Amino acid sequence: MNLDIQFDQVSVNYGDVEAVRDVSFQLDGGKIYGLLGRNGAGKTSLLSVLASFREPSSGKVTVGGEPPFENAKIMREISFMYDVDYKDESDKVKEGIEAVARYRPRFDKEFAYELARKFNLPIDKPVKELSKGMQSAFNVTIGLASRSPVTIMDEVYLGMDAPARETFYRELLEEQERHPRTFILSTHLVSEMDYLFEEVIIIHQGRFILKDDYESLTSRGVSVTGPAPKVDEFIQGMKVLNVQQLGHTKSVMVYGELSESSRSAAHRAGLELGPISLQDLFIHLTGEGYTT
Ligand SMILES: Nc1ncnc2c1ncn2[C@@H]1O[C@H](COP(=O)(O)OP(=O)(O)OP(=O)(O)O)[C@@H](O)[C@H]1O
């Protein structure tokens with residue numbers, strides 16, 4: 001089941017605070033999407049509208065052509081995993097798994113127990129007594145095992161330690177091979193997670209900045225390395241993101257596609273061209289001084 005997602009001029013306000021402003025984009029679904037934005041960019045607000053936790057203040061969201069808010073048919077197909085406060089949750093891990101299995105139609109209980117083992121979750125312990133990182137692993141377990149056509153993970157992995165996050169990334173990719181569906185992962189751990197994303201959405205200060213596939217996005221920038229004077233000559237008129245210099249060698253990141261003739265000119269000048277990372281682009285597009 002594939003559900004396309006449409007944001008049409010969506011705004012989310014909290015009183016005077018405009019958390020999301022006039023955001024429009026469409027996700028065809030069936031992919032792993034990265035939703036990137038700095039702290040306070042509006043990621044959670046945007047996702048909570050999609051997960052039907054709230055209605056947009058203005059604009060429209062549709063999932064499979066229908067607004068999700070108070071729409072039981074659509075809500076059943078969306079899992080929204082976020083940093084839940086489990087302080088009043090007296091259920092043990094295994095009771096939590098059994099409970100979700102009862103109301104999530106596609107939940108794979110065996111897979112949930114397998115993940116719980118891989119994350120070393122003590123299944124007889126109350127969820128509220130788990131460490132923060134283990135509660136995150138519990139959320140991830142439920143999210144992956146729910147097999148919802150739309151699974152949203154709002155920075156749930158931040159509390160997990162590095163080996164647990166690696167386990168999550170591996171399991172996510174394997175799961176997407178076995179049961180392709182829509183995952184939306186919000187994060188600012190860009191360099192660590194970039195290889196997971198097929199498409200990337202960047203928001204900044206509540207505004208939509210871009211949506212593009214990972215390959216095209218990273219091919220929009222290039223690093224130019226070589227003798228400083230030659231690099232300086234080559235990059236004239238280009239948008240510079242970052243400059244590093246070691247002795248006489250300079251490495252400059254520029255934004256914008258290079259034509260074939262520019263690439264040939266760079267090679268003739270003895271300059272080395274390389275890709276730039278999603279993190280570099282993210283920092284540039286959401287950095288200090290970048291206002292929407
Ligand atoms: N319940 C609320 N009441 C008032 N303002 C809020 C509320 N929730 C969020 N905001 C504000 O809305 C803006 C967007 O917050 P949001 O949590 O959506 O951002 P985020 O990108 O998820 O941030 P982070 O990465 O730090 O979790 C921020 O300015 C935040 O202070």
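Biologist: Leaving aside its neighbours within four places in sequence, which residues is valine 63 in contact with?
Modeller: With those neighbours left out, valine 63 is in contact with Leu3, Ile5, Pro68, Ile74, Ile78 and Val150. Contact means that the C-beta atoms of two residues, placed from the backbone, lie within 7 Å. This is a predicted model, in which local features need pLDDT of at least 70 and side-chain atom pairs count only at pLDDT 80 or more, while totals for chains, interfaces and linings use all residues. Residues are numbered from 1 along each chain as its sequence is written.

Biologist: Which strand does valine 63 lie in?
Modeller: Valine 63 is in β4, residues 58–63. Helices (DSSP runs of H or I, at least four residues) and strands (runs of E, at least two) are numbered from the N terminus.

Biologist: Is valine 63 buried or exposed?
Modeller: Valine 63 counts as buried because it has 25 C-beta neighbours inside 10 Å. The cut-offs are 20 or more other C-beta atoms within 10 Å of the residue's own for buried, 12 or fewer for exposed, and partly exposed in between, with C-beta atoms placed from the backbone. The C-alpha atom of valine 63 is also 5.7 Å from that of aspartate 4, and these two residues are 59 residues apart along the chain.

Biologist: Zooming out, how many helices and strands are there in the protein?
Modeller: The protein has 11 helices and 13 strands. Its C-alpha trace spans about 65 × 40 × 35 Å along the principal axes. Of the 292 residues, 37% are buried. Among contacts with a separation of 6 or more, 70% are between residues 24 or more positions apart.

Biologist: What domains does the domain assignment give?
Modeller: Domain 1 covers 5–215 and domain 2 covers 220–286; such bounds come from an automatic or database domain assignment. The C-alpha centres of the two domains are 36 Å apart. Contact between them involves 11 residues of domain 1 and six residues of domain 2.

Biologist: Which elements give two or more residues to the side of domain 1 that touches domain 2?
Modeller: Those elements are α7 (190–193) and β8 (199–204). β8 supplies the largest share, three residues. By class, that side of domain 1 has six nonpolar, three polar and two charged residues. Nonpolar here means Ala, Val, Leu, Ile, Met, Phe, Trp, Tyr, Cys and Pro; charged means Asp, Glu, Lys and Arg; the others, Gly among them, are polar.

Biologist: Which residues of helix α11 are buried?
Modeller: In α11 (278–286), Leu278, Leu281, Phe282 and Thr286 are buried. They cover an arc of only 105° around the axis, so they sit on the same side of α11. That arc is taken from the directions from the helix axis to the C-beta atoms. The elements they pack against are β3 (32–36), α7, β8, α8 (214–219) and β10 (221–227).

Biologist: And in helix α4, which residues are buried?
Modeller: Ala112, Leu115 and Ala116 are the buried ones in α4 (109–118). Their arc, seen down the axis, is within 105°, so they line one face of the helix. Glu110 and Arg117, on the other side of α4, are exposed. Cover for the buried residues includes α3 (93–103), α5 (132–146) and α6 (162–178).

Biologist: What follows α4?
Modeller: Asparagine 120 comes after α4, and its phi is positive, near 55°. Glutamine 9 is another residue other than glycine with a positive phi, near 50°. Glutamine 9 is in strand β1 (5–14) and counts as exposed because it has 12 C-beta neighbours inside 10 Å. Glutamate 155 has a positive phi of about 55° and is placed in the loop between β6 (150–154) and α6.

Biologist: Now the ligand. Which residues surround the ligand?
Modeller: The ligand is surrounded by Tyr14, Val17, Ala19, Gly37, Asn39, Gly40, Ala41, Gly42, Lys43, Thr44 and Ser45. By class the shell has four nonpolar, six polar and one charged residues.

Terms used
Near = placed C-beta within 6 Å.
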